[in-house]
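Please read the following report alongside the sequence and the coordinates.

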Amino acid sequence: MKRIVICIVLSIIIFLGGIGSLYYTCHISDDILDSLEQVQRMYSEGNSEGTAQAVSQVRKSWNKFRDIHIFTVDNGHALEITMSMAKIESLLERDDEEIITECRVMGELVEVYRNEMMPSIMNVM
């Protein structure tokens with residue numbers, strides 16, 4: 001009887017941990033997407049200081065996510081997002097208009113990453 005109770009408690013803890021991780025992933029990815037939209041808007045308006053602050057916020061959010069999310073299983077997408085972030089920072093330094101396109105690319109990568117982390121029959125089995 002004790003083993004059954006322990007198994008049930010552990011199952012609940014694992015389930016709640018998964019829900020918490022999913023919520024965190026969605027929250028951070030939404031934060032990154034909002035910051036990327038802000039980068040695009042600020043750059044279009046010609047506000048270089050606001051653009052730099054928004055890029056800094058994107059970098060901080062992504063680094064925080066990578067540091068906390070130690071069980072990242074999709075290292076390919078994580079690497080692509082990191083490379084896209086580095087390219088955005090490089091484009092910002094050069095004041096290149098391609099920053100808007102690269103923000104859209106990074107946004108798509110973040111959305112794909114988030115969708116792959118969502119529970120489905122394919123990643124539960």
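Glu102 has its place in helix H4. In this predicted model, Glu102 counts as buried because its relative accessibility is 9%, which is under the 20% limit used for that label. Once neighbours within four places in sequence are left aside, the residues in contact with Glu102 are Ser84, Lys87, Ile88 and Leu91.

Glu37, by contrast, belongs to helix H1, and at 52% relative accessibility Glu37 counts as exposed, since the label requires a value over 50%. Although Glu37 and Ile100 are 63 residues apart in sequence, their C-alpha atoms are 9.0 Å apart in space.

## Helix H4 and its partners

Helix H4 has 19 residues, and the distance from its first C-alpha to its last is 27 Å, close to the 27 Å expected at 1.5 Å a residue. The buried residues of H4 are Ile99, Ile100, Glu102, Cys103, Met106, Gly107, Leu109, Val110, Tyr113 and Arg114, and the helices against which they pack are H1, H2 and H3.

Two of these residues, Val110 and Arg114, are touched by Ser29, when residues up to four places away in sequence are not counted. Ser29 itself lies in helix H1 and is buried, with a relative accessible area of 5%.

## Helix H2

Helix H2 runs over residues 48-68, which gives 21 residues, and reaches 30 Å from first to last C-alpha, close to the 30 Å expected at 1.5 Å a residue. At the start of H2, the backbone nitrogen of Glu49 has a side-chain oxygen of Asn47 within 3.4 Å.

Along H2 the buried residues are Gly50, Thr51, Ala54, Val55, Val58, Arg59, Ser61, Trp62 and Phe65. They pack against helix H1 (2-45), helix H3 (75-94) and helix H4 (99-117).

## The nonpolar core

Which residues have the most contacts inside the largest nonpolar core? That core has 24 residues, and the ones with the most contacts inside it are Ile32, Ile88, Ile99 and Met106. Each of the helices H1, H2, H3 and H4 supplies at least two residues of this core.

## Aromatic pairs

The count of aromatic pairs comes to four. One of them joins Tyr24 and Phe65, whose rings are stacked, with 6.1 Å centre to centre and 15° between the planes. Because Tyr24 lies in helix H1 and Phe65 in helix H2, this pair ties together parts that are 41 residues apart in sequence. Both Tyr24 and Phe65 are buried.

Phe65 also forms an edge-to-face pair with Tyr113, at 5.9 Å centre to centre and 90° between the planes. Since Phe65 lies in helix H2 and Tyr113 in helix H4, the pair ties together parts that are 48 residues apart in sequence. The relative accessible area of Phe65 is 3%, so Phe65 is buried, and Tyr113 is likewise buried, with a relative accessible area of 3%. Taken together, Tyr24, Trp62, Phe65 and Tyr113 form one aromatic cluster.

Definitions and conventions:
Residues numbered from 1 in each chain as written. Predicted model: local features only at pLDDT ≥ 70, side-chain atom pairs only at ≥ 80, totals over all residues. Heavy atoms only, no water. Helix = DSSP H or I, 4+ residues; strand = E, 2+ residues; numbered from the N terminus. Expected span 1.5 Å × (residues − 1). Buried < 20%, exposed > 50% of the residue type's maximum accessible area, 1.4 Å probe, protein only. Contact = heavy atoms within 4.5 Å. Polar contact = N/O pair within 3.5 Å; in protein donor to acceptor, adjacent residues only side chain to side chain. Core = buried A, V, L, I, M, F, W, Y, C linked by side-chain atoms within 4.5 Å. Phe/Tyr/Trp six-rings, centres within 6.5 Å; stacked < 30°, edge-to-face > 60°.
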